[in-house]
Amino acid sequence: MSDSTAKEGGTSLWLDAWLRLRRNKLAVACLGVLVFIALLCWVGPWFTGWTETLQDRDLGAQGPSWAHWMGTDYLGRDLMTRVFFGGRISLAVGLLATLVSLVIGVTYGAVAGYAGGRVDAAMMRLVDILYGLPFIIFVILIIVTVEPLLASIAVKHPAWSFLGSPQAKLGILFLVIGAFEWLTMARIVRAQVMSLKKQEFIEAARSLGLSRSRIIFRHLIPNVLGPVIVYTTLTVPSNMLLEAVLSFLGLGVQPPFSSWGILILEGARQMEALPWLLIFPALFFSLTLFSLNFLGDGLRDALDPKSSKD
Amino acid sequence: MLRFVLSRLVQSLVVLLTIAALTFFLTRAAPGGPFAREKNASPDIIEQIKESYGLNDSAVVQFGNYLKGIVLHGDFGPSYKLEGRWVSDLIADSLPVSMQLGLSALVIALLLGVPIGILAAVKKNTPLDYLPMSLAMSGICLPTFVMGPLLSLFLGLKLGWFHAAGWYDSSDAVLPSLTLGLYYAAYIARMTRGGMLEILSQDFIRTARAKGVPETLVILRHSLKGGLVPVVAFLGPALAGMVTGSFVIENIFQIPGLGTHFIQSAANRDYLLSCGAAIVYGALLVFMNLVVDILQATLNPRLRLTE
């Protein structure tokens, strides 16, 4: 707020957005819930007094108790610790895959919007077509193809042995999921760039003799950034959902890692006798999706008042 | 309109061919191959099996033969893992099951979602808007793989109204279709509300009201067509999403549909079955998208002019 507008008593786009967001109690609550869940998953495992793999075989599967707040599974592992560890992976997939989606989507959308004409028409028609296709089929085929391919490279060339590691498999999962959730982002950015490059305030800024970088950083980027932030928030849950679906089908996160999707799968198999194994992971997963979606809606209203539907 | 349909038709064929090529070459890029697990077979025998399946030709020749087989005889080749079964037979057995599931889910989604969305838009900012919309939001956040087990637990095991899983009599379709349908009903309700609100705030609606058109007619005749445009546009992605959903649902409820075959074949590296299933899914969705496109062009004539 060091520029002239603030001195004259106006508010910057971001301050304005923050004030609007703060008035939306639900969105603020969701932000709080998200921070809380992320903190729990991050530092929680150090305080539960158990580790992910520690088994108390004499105990076996027990419902929630003072020693195990969310109960234990049939191997006597503390569910709460497992939910936190799984959350780390689920949240990491959500964030890192979204970063991939963000880069692809913004670049694609900006190029299409800036180029315009036939290039734009062809690029956006491709997006339309991709929208209607079963992405998951390609995701699955790529995962079952690439993983053994890398594993065979790892066996042949010792220097590349890390390619066969569980971490590498996780990395492939991030990349592949992220590579398939960029379509909406591309559409949004394209539309923004197209309308912005024609608008009068850009022309005005140019005729005032502002430098190109000042036009881009002070006028174009903030206007594109709003919707980009909104849809980034909304892409995180869809990436998390895709990870969970793949894990649920046995094609996603592999041992030794686990994720909320895997915990839900394990819980669903034993839900009649041990319902807490389904309920707690599902609760955390749904609460996270719920909060991300509402926060995204709140951000949309705050950053892009024109699109607000009320 | 005819030109529009024709250009979309040509485009659909290109898309379909691309899907076929992608899946075909992708499944062949993996090392190991379908017989890698039969460790005790001698190299000679493996060589012979490969020869008899035509796996020694170049990939492009194989793809050409494969396409020829599909187009001329509807033949997707043999399954590598399920011995003695043909992919086209497996698809013919399982596709109707998946289609029935998908269509009933779609009907549930539309019959629930559209009226709820209209109601919420008309009664904007009242309890009749907030309550269904919060429910819809929770529906979106309760993914199918949570909703499915929960429905199966309560309606199946606890209340005993339905089988918890399996595919034996006609009532077994209820829980899976409901699980899939409710999820999309939530989306469609939100989209209908958004679309209707946009139309209802426009000048021609005010004009209609000022003329004294009854509110029911304003909603049904003047707004509905325009208000449903986003819903129809959403149907394409929704159908693609339903394929994903059907993988999960068929897994939860142990339904012998195409999704089950696809997931198993991908895990087993049963190339031709994965490929066949992917192409059938692709064809189905490309066709449905064509229908949605034409429907959209009928609802919104401006779309036709951009072609």
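Reader: Before we start, how are things numbered here, and what does a predicted model need for local features?
Author: Residues are numbered from 1 along each chain as its sequence is written, while chains are lettered from A and ligands numbered from 1 in the order in which they are written. Since it's a predicted model, local features need pLDDT of at least 70 and side-chain atom pairs count only at pLDDT 80 or more, while totals for chains, interfaces and linings use all residues.

Reader: Why does the span of H4 in chain B agree with what it should be?
Author: Helix H4(B), residues 87–122, has 36 residues and should span 52 Å at 1.5 Å a residue, and its end C-alpha atoms are 50 Å apart, which agrees. The expected span is 1.5 Å times one less than the number of residues.

Reader: Where does H4(B) bend?
Author: At Ser94(B), by about 30 degrees, with a proline, Pro96(B), following within four residues. That bend is the angle between axes fitted to the seven residues ending there and the seven starting there.

Reader: Switching topic: how many residues does the largest nonpolar core have?
Author: It has 157 residues, and those with the most contacts inside it are Ile264(A) and Ile188(B). H4(B) gives the most to this core, with 15 residues. Such a core is a set of buried Ala, Val, Leu, Ile, Met, Phe, Trp, Tyr and Cys residues joined through C-beta atoms within 7 Å.

Reader: Which residues is Ile188(B) in contact with?
Author: Leaving aside neighbours within four places in sequence, Ile188(B) is in contact with residues including Ala109(B), Leu110(B), Val231(B) and Phe234(B). Two residues are in contact if their C-beta atoms, placed from the backbone, lie within 7 Å.

Reader: What about the two chains: how many residues does the contact take from each chain?
Author: It takes 33 residues from chain A and 41 residues from chain B. On the chain A side, the largest share, eleven residues, comes from H6(A). By class, that side has 25 nonpolar, six polar and two charged residues. Nonpolar covers Ala, Val, Leu, Ile, Met, Phe, Trp, Tyr, Cys and Pro, charged covers Asp, Glu, Lys and Arg, and the others, Gly among them, are polar.

Reader: Is Ile140(A) buried or exposed?
Author: Ile140(A) is buried, because 25 other C-beta atoms lie within 10 Å. Ile140(A) is found in helix H6 of chain A. Leaving aside neighbours within four places in sequence, it is in contact with Leu251(A) and Ala266(B).

Reader: And what does Ala38(A) count as?
Author: Ala38(A) counts as partly exposed, because it has 16 C-beta neighbours inside 10 Å. Ala38(A) is found in helix H3 of chain A, residues 25–43. The C-alpha atoms of Ala38(A) and Thr288(A) are separated by 9.4 Å, though the two are 250 residues apart along the chain.

Conventions
Helices (H or I, at least four residues) and strands (E, at least two) are DSSP runs, numbered from the N terminus. A residue is buried if 20 or more other C-beta atoms lie within 10 Å of its own, exposed if 12 or fewer, and partly exposed in between; C-beta atoms are placed from the backbone.
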